[in-house]
Amino acid sequence: MSGLNSRAIAAGLVLAVLALIVLAPMAGLLNLSGIPGYEPGDLRFWQSAYIRRVLFFSFWQALLSTLCSVLPAILVARAFALLPDFPLRGLLLRLFALPLVVPAVVAVMGVVSVYGSGGWIPLGRSLYGLNGILLAHVFFNLPLAVRLLLPQWQTIPQHHWQLGEQLGMNAWQRWRFLEWPAVREALPGVLLLVFMLCLTSFAVVLTLGGGPKSTTLEVAIYQSLRFDFDPAQAVVLALLQLSICTLVAILTLKLQRLPEVEITLTSDLKPVTIRQNSLNIMLILVAGVFVGMPLLSMLIDAFAGPLWQVIGNTTLWQSIGNTLFIGLSAAVFSVGAGWFLLQYSASLSLTGKTGKARLLDLAGSIVYVVPPLVIGSGMFVLLSPHVDVFAWVYPIVITINALMGLPFVIRSLGPALRQNHARYHYLCQSLSLQGWNRFRYLEWPLLRRPLGLAAALATALAMGDLGVIALFGTPHTATLPLLIYQQLGAYMIPQATVTALLLLLLSLTVFWGLERVIGGKADA
Amino acid sequence: MHKVFRLFSSTALALLLSFAVQAATPTLVIYTYDSFTSEWGPGPLVKAAFEAQCACNLELVGLEDGVSMLNRLKLEGSNSRADLLLGIDTSLTAEARASGLFAPHRLTMKKSSLPEPWQDDLFLPYDYGYFAFVYNKERLGSPPSSLRQLVEDEQGPSILVQDPRTSTPGLGLLLWVKKVFGDESDQAWARLSKRIVTVSKGWSEAYGLFLKGEADMVLSYTTSPAYHLIAEQDARFAAARFSEGHYQQIEVAGMVRSSQQQQLARDFLEFMLSDNFQSIIPTTNWMYPATLARSELPAGFEQLIEPSPALLLDEQLVASKRKAWVEDWLEVMSQ
């Protein structure tokens, strides 16, 4: 069997499983006639003025949030790339992974600590509205975009920089001819991912948005499934959300140009250090302060809280165990599924079928916007007649979290894997290097760094999950985000801030560990 | 081969034994909300106390809230493992009743501290409370003395409320305003909205923002100050007493019709009404127990305001109008 075929089969299997996980629950929800007292509402409701308003707002805030997050992120990532010896660079970059893991309600508190009426930079009432939504979304997504864009600079071969120097290129020319082509490869994917994250944002938008004017489609889905108990409506809205994202995806991917990959054996891809540094240093400092402030306020709150009371609690340690277990298991599936999808997509794009390759990446990413509430509820309908759902809580939670982590894997691993494939595929064929040996001797050494980032991102995302785990309810021990949520719901706000700090520290450790163990010694 | 066989047979034996043990001690499964099952909620104490008398296992499954429990039960239908639902409130009972998934409890409440006598063949109350605006006495010297004053005073305090689409207190306020203002509710919301700092997804966000000092008052319960007083020895917080009365929330439990453990479920409901269970409620769920008199509550509760009259809309009316009222609210609040 040829390599291409086995790749196609593996990717096909992954796609089939994805489709099953996403579509079967929806079908289950649409087919609920047997439920007592349930009459499906008018399915044309989505043309109502309410839904139109919600659609417009969701799209608008997501677009603005995406631009406000990703455009500055390009500058910040560039600054990091051009300053490889910046002090504390490694720590800062790991800090940049933290917002991803912070449960929305905790992030809202952090943002309010900084910009609220009693905060360091008080914005007063004007915080609640678009300002607050943008601040929170940029806090979540700017650092993520930096992490995803930064590796692009490492794909610029060193002799390009040298050539630029010899030709006397100024900063603008270097950007235009050396850096932009590299950034452009990853940018559409990052834009799409951030757009999806902002589009599906819920608690942040509702709470910081100041009122029901700021209602996203995700809220409407939640409302129809929970409040109105109309699963069919929820499915229609979920499909609507899926279509919007597909449209946006098609538009952003038009922007993408996959650069020709040079066959080069340079392993040291460090750019030459650029001399005019002050602006870049400023950029890093501003971004660091922006991301650091809400985190710092959480730290201060936590140290003012009942630290020892929370740490001394034995169930806390069980929760930590649970959180780690769910996070790491979900990451294994996410990275595994992403790996097979990307392998096939890389070989498709090598043989010139870039359209198909993009479609494959898209399929793996877009599943993110199907709300876990819809998938989860649908799984209940399908599973509960046949199995004891309680015994299935972990597998279900891990599956849905793995699904949610997949776009992060595709974004962080995709560009590197594609380049690697383009560089070495024919060499491998001529050497008959395939299967395990190819992974062991070629792919692992060259891809372990993006693999480490992918695994770390997927783990962090699943560790911070609240939506899925809260939905299923655990008969036994909670995860850390659930524990935070329980504490917040029981007036124990000081305790919750301590638990939130522990979640942050745990993620930082896991991130560091995974990037170290999988990614190897070098810093990102 | 022998070894394998021996391993197999001993595993089978172990499995059989565990089934036998399970058969001897029945398990009662209760769907409830998260904060009930959490460590500091009533769950662990309730479990220990009931297991001490029932020769059974009590499994408490914590879901997001009352709405989630009921929806989950509807989705699972007769396949549900739940024997009881504990934690739906009076704005949901009509919908729960209409689902036909509950069985009559056939018990009577001998003792009750509810403002009105309880009459319901499907559901029994275990605790109740009143919605109220909570404030910090050091920050707000003279709180409004009525809902009307809160609404009409343009210089009045800033407030934090919850969204009726996603939160129980949020829905409570909607009904409270409806009860007091009737047909003029929309105008009332329009006036009030200028002083609403934000409308949060759930109670936790709003209360957290309030403690951070984002507004003068937050929509919560009359019993909230008891937590600060008893658990934190902090006397700064109080609930404002409104002269029109306060909207009531009564939390109830009901037996699931498809349950195989009807008798055990009934035993639990009886236990729920006993002093044993009821005395756990005040300092774990921070609500009024349904059967204990005020004099039987822990020290600190006597400092709370005593709302009068207790307001409650008819459950059928709520069930039939809720959707339309929320749509009206959305319209006014989105201006």
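Which residues have the most contacts inside the largest nonpolar core? They are Val108(A), Val374(A), Ala458(A), Leu85(B), Phe133(B) and Val218(B), and the legends below start from there. This is a predicted model, in which local features need pLDDT of at least 70, side-chain atom pairs count only at pLDDT 80 or more, and totals for chains, interfaces and linings use all residues. Residues are numbered from 1 along each chain as its sequence is written, while chains are lettered from A and ligands numbered from 1 in the order in which they are written.

**View 1. The largest nonpolar core holds 268 residues.** A nonpolar core here is a set of buried Ala, Val, Leu, Ile, Met, Phe, Trp, Tyr and Cys residues joined through C-beta atoms within 7 Å. Buried means 20 or more other C-beta atoms within 10 Å of the residue's own, exposed means 12 or fewer, and partly exposed is in between, with C-beta atoms placed from the backbone. This core draws at least three residues from each of domain 1 (23-128 + 250-302) and domain 2 (129-248 + 303-333) of chain B. Leaving aside residues up to four places away in sequence, Val218(B) touches Phe133(B), Val134(B), Ile159(B), Leu160(B), Ala206(B), Tyr207(B) and Phe210(B). Touching, or contact, requires C-beta atoms, placed from the backbone, to lie within 7 Å.

**View 2. Chains A and B meet through 50 residues of chain A and 48 residues of chain B.** On the side of chain A that touches chain B, the elements giving two or more residues are α4 (104-115), α9 (203-208), α10 (217-227), α16, α19 (467-472) and α20 (480-488) of chain A. Helices (H or I, at least four residues) and strands (E, at least two) are DSSP runs, numbered from the N terminus. The most comes from α4(A), with five residues. By class, this side of chain A has 28 nonpolar, 17 polar and five charged residues. For these classes, Ala, Val, Leu, Ile, Met, Phe, Trp, Tyr, Cys and Pro count as nonpolar, Asp, Glu, Lys and Arg as charged, and the others, Gly among them, as polar.

**View 3. Helix α16 (residues 372-383) of chain A crosses helix α4 (residues 66-76) of chain B at roughly 40°.** Their axes come within 8 Å, and the crossing angle makes α16(A) oblique to α4(B). Axes are lines fitted to C-alpha atoms, for helices over the stretch in contact, with angles from 0 to 180 degrees between N-to-C directions. Angles under 35 degrees count as roughly parallel, over 145 as roughly antiparallel, 65 to 115 as roughly perpendicular and the rest as oblique. Look for Ser377(A), Phe380(A) and Val381(A) in α16(A), which meet Arg72(B), Leu75(B) and Glu76(B) in α4(B). The residues of this contact divide into three nonpolar, one polar and two charged.

**View 4. Chain B is divided into domain 1 (23-128 + 250-302) and domain 2 (129-248 + 303-333).** These bounds come from an automatic or database domain assignment. The C-alpha centres of the two domains of chain B lie 26 Å apart, and 19 residues of domain 1 are in contact with 19 residues of domain 2. Helix α5 (residues 93-99) of chain B gives the most to the domain 1 side, with three residues. That side divides into nine nonpolar, six polar and four charged residues.

View 5. Most residues other than glycine have a negative phi, and most peptide bonds are trans. Phe229(A) has a positive phi, near 40°, and its place is in the loop between α10 and α11 of chain A. Phe229(A) counts as buried because it has 21 C-beta neighbours inside 10 Å. Ala55(B) also has a positive phi, of about 50°, in the loop between α3 (43-54) and β2 (57-63) of chain B. With 10 C-beta neighbours inside 10 Å, Ala55(B) counts as exposed. The peptide bond from Ser308(B) to Pro309(B) is cis, with omega near -5°. Pro309(B) is placed in the loop between β11 (288-289) and β12 (310-311) of chain B.

Note on methods
Two residues are in contact if their C-beta atoms, placed from the backbone, lie within 7 Å.
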